[in-house]
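Please look through the sequence and the model together before reading on.

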Amino acid sequence: MTYKAHNKRYEKLNYRRCGNSGLLLPPITLGLWHNFGGKNNMLNESKKMLFRAFDRGVTHFDLANNYGPPYGSAEKNFGKVMKSDLRSYRDELIISTKAGYDMWPGPYGEWGSKKYLIASLDQSLKRMQLNYVDIFYSHRFDPLTPLEETADALAQAVNQGKALYVGISSYSSKQTIIMNKLLKQRGIRCLIHQPSYSMINRWIEKDLLQTLKKLKIGCIAFSPLAQGMLSNKYIKEIPKKSRISDNSSLDLKMITKTYIKKIKNLNRLAKKRDQTLPQMALAWVLRHPIMTSALIGARTIKQLDDCLDSQNNLEFTKYELKEIDKYAINEKINLWENSSKY
Ligand code: NDP
């Protein structure tokens, strides 16, 4: 039976304006980096997660060319659901994709050249069975390609109607300023920046957030749960069904004694607020007025629901924030820092 969206889906979330653009985004966005790839995933929980998210007002789904594994399979699976169930809701959805990391072999399969970005977007559109994406990102800063060329590629994507808006991901404050100017010169808005950000990965507080505020660019924070580390799942043991057990982007080495100590304390503070730690972590990311959305991943509908319930309590007292600051200290978990060191 074809999916039919919940008729009260827009009564649940407070949508946030993306920078000074006309675009509103949901405070929680669902990303398809993990749990949506492979052959069979979309037949079960993952497909249901897309529907559940949309039923609860999540209008934004975030992808990239190489999400899987294998590369491309998350987009392909998403495309199948687009065709079978979501086609009639296309105008209610914000779908983003990116190119920048390795996608196919040879010199034209990664980084920031026009050759790669344009070819990759064409492939993404085919896989997702879409005529256009809402947002196309330069996935990482390329120190060897002139930024003018990357800006040219992004502008071309918009001018050809293949993307409505463009964004950048994991660019430093300095390179963000330059890219914003280059896009402006080409008559294009830099809509949004997608950096990593969480209670234990706070690099954007140094200067990027201020820059985005000044330039009126939106901000969508990825891995706001530090890939699941901001939950109590790793306190006692490594659960069988978890990102660490999957042997993917989280490393057992990241579960240190100091980390466990922080999590126990943050858990305690979350309990006081009548929230789970993931809920408090999301509310905390969204405390910045310029934060447009927190970009989560989820393995199960239960996790997704838990994350969306963060919206029931977004307020923090000054005292709570001070207490949180005692434990919300960077761990060595920022896998994307190379991109933002320039
Ligand atoms: P999160 O920090 O939200 O981590 C998601 C993981 O956290 C889940 O897989 C799950 O782990 C755990 N989790 C989620 N909800 C709960 C809950 N309520 N209780 C307990 N555990 C929970 O984000 P991701 O790292 O998945 O990244 C989110 C999205 O951001 C990606 O899908 C992608 O779209 C984007 N992204 C962009 C990048 C870029 O370079 N621009 C890089 C990385 C991500 P488990 O599976 O162990 O149960």
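## The barrel

Two strands are said to pair if DSSP finds at least two bridges between them. In this predicted model, pairing of that kind links 8 strands into a closed barrel, and the order in which they follow one another is β3-β4-β5-β6-β7-β8-β9-β10, with parallel pairing. From one strand to the next, the twist averages 30°.

One of these pairings can be followed in detail, namely that of strand β4, which covers residues 60-62, with strand β5, which covers residues 94-99. The two strands run parallel and are joined by 3 bridges, and H60 stands opposite I94 in β5.

## Helices α5 and α6

Helix α5 (residues 173-185) packs with helix α6 (residues 208-215) at an angle of about 20°, and their axes lie 9 Å apart. Because angles under 35 degrees count as roughly parallel, α5 is described as roughly parallel to α6. The crossing in which α5 passes α6 is right-handed.

On the side of α5, the contact is made by S173, T176, I177 and N180, while α6 contributes L208, T211 and L215. Sorted by class, the contact of α5 with α6 holds 3 nonpolar and 4 polar residues, and no charged residues.

## Helices α7 and α10

Helix α7 (residues 257-272) and helix α10 (residues 318-327) also have their axes 9 Å apart, but they pack at an angle of about 165°. Since angles over 145 degrees count as roughly antiparallel, α7 and α10 are roughly antiparallel to each other, and their crossing is left-handed.

Where these helices meet, α7 supplies K262, N265, L266 and L269, and α10 supplies E320, E323, I324 and Y327. The residues in the contact of α7 with α10 divide into 4 nonpolar, 1 polar and 3 charged.

## Around the ligand

How many residues surround the ligand, and which are the closest? There are 30 residues around the ligand, and the closest are G31, W33, L225, G228 and G297. The elements that give two or more residues to this shell are β10 (291-296) and α9 (301-308), and the largest share, 3 residues, comes from α9.

By class, the shell around the ligand consists of 12 nonpolar, 13 polar and 5 charged residues.

Key:
Residues are numbered from 1 along each chain as its sequence is written. This is a predicted model: local features need pLDDT of at least 70, side-chain atom pairs count only at pLDDT 80 or more; totals for chains, interfaces and linings use all residues. A residue is near a molecule or strand if its C-beta atom, placed from the backbone, lies within 6 Å of it. Helices (H or I, at least four residues) and strands (E, at least two) are DSSP runs, numbered from the N terminus. Ala, Val, Leu, Ile, Met, Phe, Trp, Tyr, Cys and Pro count as nonpolar, Asp, Glu, Lys and Arg as charged, and the others, Gly among them, as polar. Axes are lines fitted to C-alpha atoms, for helices over the stretch in contact, and angles run from 0 to 180 degrees between N-to-C directions. Angles under 35 degrees count as roughly parallel, over 145 as roughly antiparallel, 65 to 115 as roughly perpendicular and the rest as oblique. A crossing is left-handed if the near helix is turned anticlockwise from the far one by less than a right angle, and right-handed if clockwise. Two residues are in contact if their C-beta atoms, placed from the backbone, lie within 7 Å.
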